Amino acid sequence: MRELLYRHALREALDEELAHDENVVLLGEEVAEYNGAYKVTEGLWDKWGSKRVVDTPISEAGFIGMGVGASMLGVRPVMELMFWSFHSVAFDQLVNNAGCVRYMAGGKINVPIVVRGPANGGTNVGATHSHCPEGLFAAFPGLKVCAPATPADAKGLMKSAIRDNDPVFIMENTKLYGNSGEVPDPGEGEFLIPLGKADIKREGSDVSLIAHGRSVLHCLEAAETLRNDHKISAEVVDLRSIRPLDQEAILKSVVKTNRAVLVDESKPFNGVSSQIAALIQEHAFDHLDAPVKRVCSIDAPAIYSHHIEDEQLPNARRVVDQVLSIA
Amino acid sequence: MQDPSAEPPFAAMDFSSSPVNRSLTPQDKIDFYRTMVRIRRFEHLALGQYQKDKMGGFLHLYIGQESVAVGAVSLMGENDHVITAYRDHGHALAVGMSMDECMAELFGKVTGCSKGKGGSMHFFAPDKNFWGGHGIVAGQTPLGLGLGYALKFKGLAGCALCFLGDGAINQGVFHESLNIAALFEIPVVYIIENNGYSMGTSQTRSSAYRDCLAQRAEAYNMAWDLVNGEDLYEVRAKTHIAMERARKEHRPSLLEIQTYRYYGHSVADANADKYRTPDEIERYKTYHDPIRLWERRLIEEGHLTAEEAKAMEKEATKETAKAIKFAESSPPPTVDDILHDVYWEVDEDTEAGNTGRHFFND
């Protein structure tokens, strides 16, 4: 199968959806003439022009609110946050307007928007630019959140998100944009991955490593080490979508392995892993042979120092250590 | 008592002969009167019900400002849309929402316009081009921008009317919206309903400005105007110009319509007559009440008699009483209803709505 970079898989999804639906419009800072701060939208302005690919001023609350308003009248905006970290200046628009307006209108309105951009640490840019708010936004009913780990998932989830009739927030990752992976050729037909479907990235029998986004790659690396050095067979469950959540896949894996380590780049307090841990203890308590363990970012604002930041984040070694503590 | 004439800059201006008003039939003018009276009766009687604990939360009354919503909304055509903040009952009734659905919403009943999920601040009627009813000060200002964006994107010759209070002009997102509106040439008309007080803080204590609030538009190279809100003719004449600018030239405007609210910020505002003098409130009621002024105007023009006006008021009272009965006798939402209207895909029972877990209650 052909290989694509993660950023190019995203671009292909955007390009295909611009062609698929004339109401799709890409909006964001530097997405058009500059070709995207991280080159996700490279070439799309050239191809689609200024009506469909729009540079906005640095005005997250303004342009995201504008997108929400436009979506109420049937436009389908796909808006880039240069960093998801900038959510804080648009929070009212993201939560109260995108997330609640349907409910407050008794279902008379729906908000088919996508907000996308990178949400990750590990790039030595300090606390303000390193937030991972997937758990934060998944906590608001009305919003949907996903975090693809591979180029194929990035493409398939992006296409589903754009066709979805509710607000979907896609958390990408600057550390993944340059990764390469197999993505089906468009000639083989539409490639969509439904929201709410997890993917078993590696089968195993002794412990379930449950993760999303870049943490999935740490889990895969850890699983390799666990097999080679410790004869432990780890299963890697990639959530892909945080809300809706594939609870069935999580429980199925835990029932099989009887042990779970949750790997989550957000902070431990009320991160995605907190919710998964609660679900596991409630629905698979009798199947557990050990406490559910977690590997999160160390609980402080993101440190700048490139000497140490990778140690604050989940990494394969920290995952292995947690598995060994319950193996 | 003789009315003092309006204060500058409004003195001696008569907008009854402006083109958009010249074309009005006597029936149109009477309908405006009826709508204003209906709004006022609806709210007066809603206040009574609030005081009887028939509704929860806040109740932000529009009484005193009726000519603004009625005048502006009367100019709306098929492709014009409207959005406002939490003081939304007047706009709702002006676009043609029924008293029944509005009162039932206040009562938290499932027959309410938002099925009892929005309340006083969150009335919606997308089928009448009314997009709420928004609770966060200035939170609706980029949404109004988006409505205009969508109209232009789809090539429709309409505009968005986005109402806000004078307190909203100091929120950052409002300025972001003005900048984008001017930069992208969005057909939106921002209408500041300036009732002089952002909650309990007077205009001079909350906003820095030179001559008036709308003048801030100059910073964005945007057209603006100041409107005497007590005169329905003037509201229509000047709003019409701004709407035409939006529809035909895709140029936004900022209007400041001067008006006054007789009640507090909300009915929970216990200080409504402390941050302003009783004299001030009385002066507005006596000399500047938009409904009384319109009534006098129509009588002078020979379109209305005092008796007919009285009868319309009675009719509005009756209609409101019926709405109260409707609200009272309607059922509240059920616990099951809580989980509906969150996700479109779930409500519509689509494949996406049935994939993965959407709610986390156990």
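Welcome to a quick tour of this predicted model. Of the 327 residues of chain A, 59% count as buried, meaning that 20 or more other C-beta atoms, placed from the backbone, lie within 10 Å of the residue's own. Local features here need pLDDT of at least 70 and side-chain atom pairs count only at pLDDT 80 or more, while totals for chains, interfaces and linings use all residues. Residues are numbered from 1 along each chain as its sequence is written, and chains are lettered from A in the order in which they are written.

**Chain A overall**
- Chain A has 12 helices and 14 strands, taken as DSSP runs (H or I, at least four residues, for helices; E, at least two, for strands) and numbered from the N terminus.
- The radius of gyration of chain A, over C-alpha atoms, is 19 Å, close to the 20 Å of the globule rule for 327 residues, so chain A is as compact as a globular protein of that length; the rule is 2.2 Å times the number of residues to the power 0.38.

**Where chain A meets chain B**
- In all, 44 residues of chain A are in contact with 42 residues of chain B (C-beta atoms, placed from the backbone, within 7 Å).
- On the chain A side, α3(A) gives the most, with 10 residues.

**A sheet in chain B**
- Five strands form an open sheet with parallel pairing, in the order β1-β2-β3-β7-β6 (chain B); strands pair if DSSP finds at least two bridges between them.
- At the edges lie β1 (81-83) and β6 (223-228) of chain B, each pairing on one side only.
- Over 6 bridges, β6(B) runs parallel to β7 (residues 253-258) of chain B.
- B:Asn228 has B:Gln258 in β7(B) as its bridge partner.

Definitions and conventions. Buried ≥ 20, exposed ≤ 12 C-beta atoms within 10 Å, placed from the backbone. Contact = placed C-beta atoms within 7 Å.
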